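Here's a quick briefing to read with the model open next to you.

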Amino acid sequence: MTVPSVNWNYPTAIKAGPGRIKELPAWCRELGMARPLLVTDPGLAALPMVSGAVAACRQAGLECGLFHGIKGNPTGRNVDDGVAAYRQGRHDGVIALGGGSALDAAKAIALMAGQTRPLWDFEDVGDNYLRVDVAGMAPVVAVPTTAGTGSEVGRASVITDETAEVKRIIFHARMLPAIVILDPELTVGLPPKITAATGMDALSHNLEAYCSPFFHPMAAGIALEGMRLIKEYLPQAVADGSDLQARQQMLVASSMGATAFQRGLGAMHALAHPLGALYDAHHGTLNAILMPYVLKANQQAVAPRLEALARYLDLPSEGPGAVLDWVLALREGLGIPHTLADIGIDEAQAERVGRMAAEDPSAGTNPVDYTAQQYADLFRAAIRGKL
């Protein structure tokens, strides 16, 4: 099957299809960039896709720089270092290339490029976004190389405050990249384990958005179709990484998840955020492990919605437990660990995790309003494997 090359304009300008990375210099120029800074992670910085992108920009007459000082869970220090590189190189735009960590850091760097306030002044609390000097923000072209976070179509960045040991959400509506390139060829080399973990992250976004009590029918519809695409194509992408059709559909499903969670997230992310901050664990893997435990806890509160999802996904049964059964089977088939203990997380900080989860912004749109103690108990269940 031929993988189509298409342009969309929702929620931003999206250029989807194999080989579209070749258009990167042209889209940079479209946004007025002459000296872009390509922001990526250390692993990708050593690969041909990054050196090729930088070379293509330079051959097109763009004075392209490179910054790759980003951790798997990007920190405030990473952002500060990126801003210093941006200013030192007198750059005028950002190319965000990589997985969710690189995209989040790059968007935060673009936000901070012309600000005088510190990063945490723009945390997504109250009307802090009004503090942003919009004229100081840099334009962004986003190029995801994993199909998971959907950060390329998001208006926020999740950045770790290492001093407080907490993940903070930095938000401004104009953090949404102006142009997105979804090129499945860039994801072909992604190992099966990372393909699985990032794909489950995309599922967590779609599933939590779908189960949110917030009224947003358009987002709910996007989440529903996003989950259908993941059901059909994630196992294919894991089994055969060279399947461009599966890779393209997973990129699309990832972007759909991040578009859908305008409706809100829930307890999976409320727990994953503190666990990422405290244990520096992979965000997608955390959501993948937590998913059935949260789904089971929320099941009765969203039973009609889960029954409708089971019908849409054409699952073998239609009861509220059908989705849980599918998630468990999907995880097993993809080789996802069943418990947090399997990735080295113990119960030592359970009470602290519970408090952090209850205070996390994602908790506000979970179908059930859990207390800190209930989040601590949910965390322990995910360690012990108790469904």
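This is a predicted model: local features need pLDDT of at least 70, side-chain atom pairs count only at pLDDT 80 or more; totals for chains, interfaces and linings use all residues.

- Strand E1 (residues 6–9) pairs with E2 in the antiparallel sense, over four bridges.
- Getting from E1 to E2 takes a hairpin of three residues, and Val-6 has Ala-16 in E2 as its bridge partner.
- Lys-15 sits in strand E2, which covers residues 13–16.
- Lys-15 is buried but makes no salt bridge; Glu-23, the nearest side chain of opposite charge, is 6.7 Å away.
- Leaving aside neighbours within four places in sequence, the contacts of Lys-15 include Val-6, Trp-27, Ile-179 and Leu-182, along with Glu-23 itself.

**Helix H7**

- H7 runs over residues 217–239, 23 residues in total, and its first and last C-alpha atoms are 34 Å apart, close to the expected 33 Å.
- There's a kink of about 40° at Tyr-233 in H7, shortly before Pro-235.
- Arg-228 and Glu-225 form a salt bridge, with their closest N and O atoms 2.7 Å apart.
- Both of these residues are in H7, three residues apart, or about one turn of the helix.
- Residues three or four places apart on an α-helix point the same way, because there are 3.6 residues a turn.
- Arg-228 counts as partly exposed because its relative accessibility is 27%.

**Gly-199 in helix H6**

- Gly-199 belongs to helix H6 (residues 192–211) and counts as buried because its relative accessibility is 0%.
- Beyond its neighbours within four places in sequence, Gly-199 touches Ala-147, Ile-230, Leu-234 and Met-250.

**Salt bridges across the chain**

- The count of salt bridges comes to 14.
- One of them joins Glu-165 and Arg-352, at 2.9 Å from N to O.
- That pair links distant parts of the chain, 187 residues apart: Glu-165 is in the loop between strands E7 and E8, and Arg-352 is in helix H13.
- Glu-165 is partly exposed at 34% relative accessibility, and Arg-352 is partly exposed at 27%.
- Glu-351 and Arg-380 also meet in a salt bridge, at 2.5 Å from N to O.
- Here Glu-351 comes from helix H13 and Arg-380 from helix H14 (residues 372–384), 29 residues apart.
- Glu-351 is partly exposed at 33%, whereas Arg-380 counts as buried at 18%.

Key: Residues are numbered from 1 along each chain as its sequence is written. Side-chain values use heavy atoms; hydrogens and water are left out. Helices (H or I, at least four residues) and strands (E, at least two) are DSSP runs, numbered from the N terminus. Buried means under 20% relative accessible area, exposed over 50%, partly exposed in between (1.4 Å probe, protein chains only). Lys and Arg count as positive and Asp and Glu as negative; His and the chain ends are not counted. A salt bridge is a side-chain nitrogen of Lys or Arg within 4 Å of a carboxyl oxygen of Asp or Glu. Contact means heavy atoms within 4.5 Å. Two strands pair if DSSP finds at least two bridges between them. The expected span of a helix is 1.5 Å times one less than its number of residues. The bend at a residue is the angle between axes fitted to the seven residues ending there and the seven starting there.
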